[in-house]
Amino acid sequence: MIEWLWLAPLFPLLGFLILILAGDKLSGPAVAWVGVGSVGLSAILAALVGTAFLSGDQVPYRLVLGSWMVVGDLSLPFGFYLDALSVTMLFVVTGVGFLIHVYSADFMADDAGYARFFAYMNLFVSAMLVLVLADNLAMLYLGWEGVGLGSYLLIGFWYEDPNNGYAARKVFVMTRVGDTSLALGLFLLFTQLHTLDIQAVLRASSQWQAGTWLPVAASALLLGGAVGKSAQLPLQTWLPDAMAGPTPVSALIHAATMVTAGVYLIARTHTLFTLAPAVQFAVALVGTVTLLIAGCSALVQTDIKRILAYSTISQIGYMFLALGVGAWSAAIFHLLTHAFFKALLFLAAGAVIFCFHHEHDIFRMGGLRKAMPVAFWSFVIGSAALAALPLTSGYYSKHDILLATFDASPGLWAAGCLGALITGIYSFRLVFVVFFGPERPGVERAIGWRMGLPLLVLCGLALLGGLLRIPLDSVFPVAVEAHRGFDAVSGITLAAPVAGLAIAALFYLTGTFSVRRLVSSGWGRGIQNYWFSGWGLDSLYNALLIRPFKAIAGFNKDDVVDAGYTAIAKLSLGLHYLTSASQTGRLRGYAAAMGFGAVLIIAVGLLS
Amino acid sequence: MNSSQLIAFLPVICIAAAAVVVMLTIAVRRHFTLTCLMAGLGLLVSLLALAMAGRQGPVQVTPLIRVDAYGRFVMALLLAAGLAVIAFCYDYFKNREGENEELLFLILAALLGASVLVTSCHFATFFIGLETLSVSLFVLVGYVLGQSGSLEAAVKYLVLSGVSSAFLLMGMALIYAQCGQLNFSGIEQYLASQELFNGMVLTGIVFIVAGVGFKLSLVPFHLWTPDVYEGAPAPVTAFIATVSKGAVFILLLRFFLSSGGYFYGPALTVFSVMAVASILVGNVLALLQNNVKRMLAYSSIAHMGYLLIAFIAGGRIAPNLVVESVTFYLVAYFMTTLGAFGVVSILSTPQAEAVALSFYHGLFWRRPGLAAIFTFMLLSLAGIPLTAGFIGKFYIFAAGADGRLWGLLLMLIIGSGLGLYYYLRLIVVMSMSQETGIDAGHEAAFGRVSSVILAVLTVLLVWFGIYPGYLMSLIQGLY
Amino acid sequence: MNIEATLVSDLLPLIVYFGAVLAVTGVMLGGAYFLGQRHSAKAANEPFESGIVPAGDVHIRFSIQFYLLAIFFVIFDMESVFLFAWSVALRESGWPGFIEALIFIGVLLAALIYLWSIGALDWRTRRQRIDAQKSGRRE
């Protein structure tokens with residue numbers, strides 16, 4: 001069964017080709033069948049391959065399809081690599097991807113670019129599968145750039161509005177910073193190890209002395225790539241802007257799959273990071289700071305999708321934290337559960353937006369509890385999982401992370417717990433504001449089964465996903481699990497999100513406290529604005545990078561370099577007219593010129 | 001003359017015999033198609049004789065002629081080019097009034113001269129071959145008397161060619177005066193025995209360069225080129241651009257390789273100056289040219305300049321490398337030039353030669369196949385990858401880099417950049433919309449034979465551009 | 001001895017020769033210019049033909065056939081000169097020489113046949129030929 005693995009990325013690719021070439025000629029249902037069906041086939045295949053793999057002895061499986069390129073001592077096969085880690089990612093990408101595709105079939109039904117949408121989505125899924133199944137770093141990079149392309153196309157999907165175009169461009173440019181770092185990392189690894197095969201790289205690099213410049217430089221460059229793709233500090237500012245795309249896109253790309261590629265990359269190359277403890281600590285630090293910053297920003301946002309975007313950044317921060325403290329499997333586990341509940345939240349938000357005449361501002365909603373029961377319960381379950389309330393899937397993964405963090409560094413643990421508290425506040429703030437309170441009219445339409453069904457399935461997964469823990473011990477070094485009983489640490493870890501829920505309830509449900517009073521003071525308002533703008537990083541980058549760049553560009557507005565080329569063109573033109581004058585058509589002139597030329601070259605010959 | 005000498009010389013004899021037979025055919029029955037067939041057949045027989053001689057070693061046929069593998073290859077190239085020109089002539093002249101049969105005889109005579117030229121090892125055959133070639137060309141250039149500029153072009157070519165022959169003879173005389181030898185290898189022996197540069201010999205060489213430079217239209221002996229290219233009928237222009245120039249260049253190379261001309265650094269300086277001037281002037285002159293034939297004429301000046309770079313590199317690198325790069329470039333240049341002028345000749349009608357740029361407006365819509373072929377030819381002239389022209393230019397570059405001729409290579413790059421402008425300009429014009437183009441009433445007939453030749457040339461062009469290995473291996477063993 | 005010195009010494013005869021050429025032409029033209037008399041009389045530019053006033057135009061138009069025949073004469077005449085050279089060395093050149101001469105004569109013969117058949121030896125203008133054909137038909 002496993003040898004059919006190569007079909008998994010192929011199906012969506014075929015779907016993409018069909019839709020992009022013949023999408024205009026297909027009817028709406030046909031487009032949906034092709035677009036959803038291709039990912040569906042992939043998902044079925046992934047399920048079969050995955051179960052076959054997991055029920056076996058879990059020996060990593062390599063599938064080489066052919067040679068991609070051979071240049072000098074660089075030999076790149078077109079190969080796939082399957083182990084427990086890639087199986088997990090395979091499940092996430094195809095499973096969640098399939099559900100989101102089903103959902104989109106309804107959500108996008110009225111859009112003029114229906115076929116185009118599914119074409120891009122299929123392209124993205126295909127590229128993402130190449131990324132997670134890649135056998136060598138070059139193929140991984142291929143998938144990495146492929147998902148970047150898919151993301152760019154889908155964010156700018158509604159290209160008629162220039163703002164969406166700007167957003168897509170911003171995302172593309174910012175992730176490119178990370179991509180460049182990743183590419184440099186690959187070059188470094190190749191020049192040192194003369195191979196790009198992931199397993200060979202990991203084996204060869206284990207010969208390196210821990211803490212020397214090589215592993216540090218290599219892992220730092222890879223971290224740069226991961227930070228860009230996964231929207232971590234300092235490159236996290238693109239993710240809120242990515243919300244310009246259709247909501248299913250946000251669910252699939254900017255919550256469940258692509259943004260976790262950085263986590264996957266670090267987990268994939270974890271041996272490199274263990275050789276560079278400083279960089280690994282940096283990973284943890286980046287994760288912690290990001291999760292706090294993004295959490296605070298999520299607290300004050302009013303746009304429903306931006307809240308979710310900041311929460312995504314924050315949750316990926318947790319994953320980075322886990323990676324940083326060496327809790328590899330916990331990180332991947334959180335990736336898995338996060339994919340479930342965040343996809344659920346986004347889809348539910350999409351349903352709200354869909355039914356509530358495309359309103360994004362949560363304070364213009366309210367009391368939707370009765371009007372939209374499916375969305376309401378989806379949100380409750382999703383938020384509970386996001387906040388890691390006990391017995392939800394998020395609880396298992398985040399609890400693991402925080403306990404592992406305490407073993408590594410109590411300081412980071414405390415920050416993580418603070419983050420969990422904030423998570424509780426902002427997630428239930430959303431629920432209370434949107435679904436409770438005075439009911440507001442304006443629900444235009446109900447959701448169909450194609451939108452409802454994925455929500456229900458994801459509800460189940462968000463609740464019970466904790467049971468789906470895929471054993472990753474064959475991939476990662478077995479962590480020394482501290483089997484602690486119920487003590488103060490786990491108690492606080494457990495209590496933090498509950499406390500957050502309570503605070504949210506006091507502010508937004510019962511109205512015991514009022515936000516308005518908090519922000520009425522000058523510094524309160526200042527903090528609110530500061531957090532709202534994402535800690536002002538956009539303006540910082542604007543001042544530090546964009547302005548100087550534009551100044552330089554403005555200085556070069558008349559194109560100093562181009563003036564040189566223009567001069568060449570002018571010179572050529574002048575020479576043309578000059579030499580043209582010699583073509584008189586007069587025989588005597590020609591003969592004289594020959595004689596003169598002969599004298600000239602004799603002079604050159606004799607004088608040189 | 002023993003049998004191996006006879007076999008070696010048989011191709012040349014065949015051409016001469018073919019010329020006589022064509023002449024007698026005309027005497028018996030004046031019929032254009034028949035004459036074309038006879039001439040083509042003669043060339044095929046000659047090619048067959050070349051193939052028979054095969055990989056025979058170098059043979060000294062007479063003291064004047066030496067046939068080696070390289071000479072045979074170039075001769076085959078010239079004959080093949082002759083065949084293509086005959087095909088173009090057939091379509092070009094078949095519907096024209098007047099007695100066009102002698103054209104074939106003249107082409108055969110010119111080919112005879114060219115063949116002698118590429119196998120010569122003596123000043124006598126050098127001069128006889130060159131003059132046989134030139135005299136036939138004078139008449140060919142002025143063949144279409146009714147066409148404007150044709151006679152003028154012929155007269156110009158005649159007079160200036162006479163001037164150049166005078167230079168050539170003067171050069172030979174000076175060298176003979178010093179060396180007492182007319183034989184290339186005899187000259188080499190004399191020069192090798194001298195320790196110092198000899199001013200007389202150097203002056204002689206420079207005179208010969210001046211004479212040959214005229215035939216190759218190198219600056220400053222280039223002024224005749226556009227006028228003659230424009231005035232001559234298109235197939236004849238193709239003939240001048242390929243056979244005449246190719247044969248003369250090969251002779252020049254052979255002279256320098258076998259008579260020790262490369263000892264003379266100053267002569268190479270002269271060549272460098274001429275190469276730089278040719279590349280620059282040729283490309284610059286072509287820039288705004290609205291007459292396609294003149295544009296191709298200017299571009300041929302530049303191409304000869306490029307070719308000189310590989311030639312000059314011979315002073316520093318092994319002879320077989322020079323021969324390899326020069327030959328590959330020549331093959332590519334032959335195919336491309338024949339193709340380009342072939343398109344011009346197909347498009348020409350008895351009323352008007354297809355020279356004006358406006359004639360090519362919207363050619364892609366009217367004659368897509370022809371326009372595509374022309375595009376390929378122009379891209380190859382510009383040296384765009386996937387065409388033989390690119391590989392040829394690459395060879396030049398490799399030879400120049402081996403010889404560390406950085407200044408000349410810089411000129412090559414600048415020249416190629418300038419060249420792109422006018423080649424692409426023509427392609428753009430061809431793809432413009434139909435409306436602005438010439439009305440369909442002036443459309444030329446569909447030249448079937450020429451089209452087949454053009455298709456073959458295009459296929460070869462792309463084939464050698466993508467898989468140059470076959471041609472390379474063919475050329476590598478030549479010298 | 002450096003190269004330039006060699007060059008100059010080698011070239012000296014050549015330079016002297018060029019100088020002589022220039023001097024001779026200069027003396028001829030300049031001498032005529034300076035020594036010659038100048039008149040501005042009415043008939044000074046008339047050609048002197050023993051007192052008879054010249055009549056008519058110098059630009060007489062000969063028939064093209066005249067030139068053709070002249071060229072043919074020169075060509076065939078010159079070619080027979082080659083045969084002279086061969087006949088002198090007939091025994092030394094032997095059979096190969098004989099065969100070569102045969103080929104040479106054969107080519108000449110072919111050319112003659114060609115010229116004959118295209119009517120190059122016909123001393124009539126095209127007009128006259130057509131008239132002759134017509135009258136021939138009438139008879």
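Helices (H or I, at least four residues) and strands (E, at least two) are DSSP runs, numbered from the N terminus. The model is predicted: local features need pLDDT of at least 70, side-chain atom pairs count only at pLDDT 80 or more, and totals for chains, interfaces and linings use all residues. Residues are numbered from 1 along each chain as its sequence is written, and chains are lettered from A and ligands numbered from 1 in the order in which they are written.

**Exercise 1.** Describe the elements and the burial of chain C.

Solution. Step 1: chain C contains four helices and zero strands. Step 2: read from the N terminus, the order is α-α-α-α. Step 3: a residue is buried if 20 or more other C-beta atoms, placed from the backbone, lie within 10 Å of its own. Of the 139 residues in chain C, 1% are buried.

**Exercise 2.** Work out how β1(B) and β2(B) are arranged.

Solution. Step 1: two strands pair if DSSP finds at least two bridges between them. Step 2: three bridges join β1 (residues 59-62) of chain B to β2 (residues 65-67) of chain B, and the two run antiparallel. Step 3: V67(B) in β2(B) stands opposite V59(B). Step 4: with two residues between them, β1(B) and β2(B) form a hairpin.

Methods
Buried ≥ 20, exposed ≤ 12 C-beta atoms within 10 Å, placed from the backbone.
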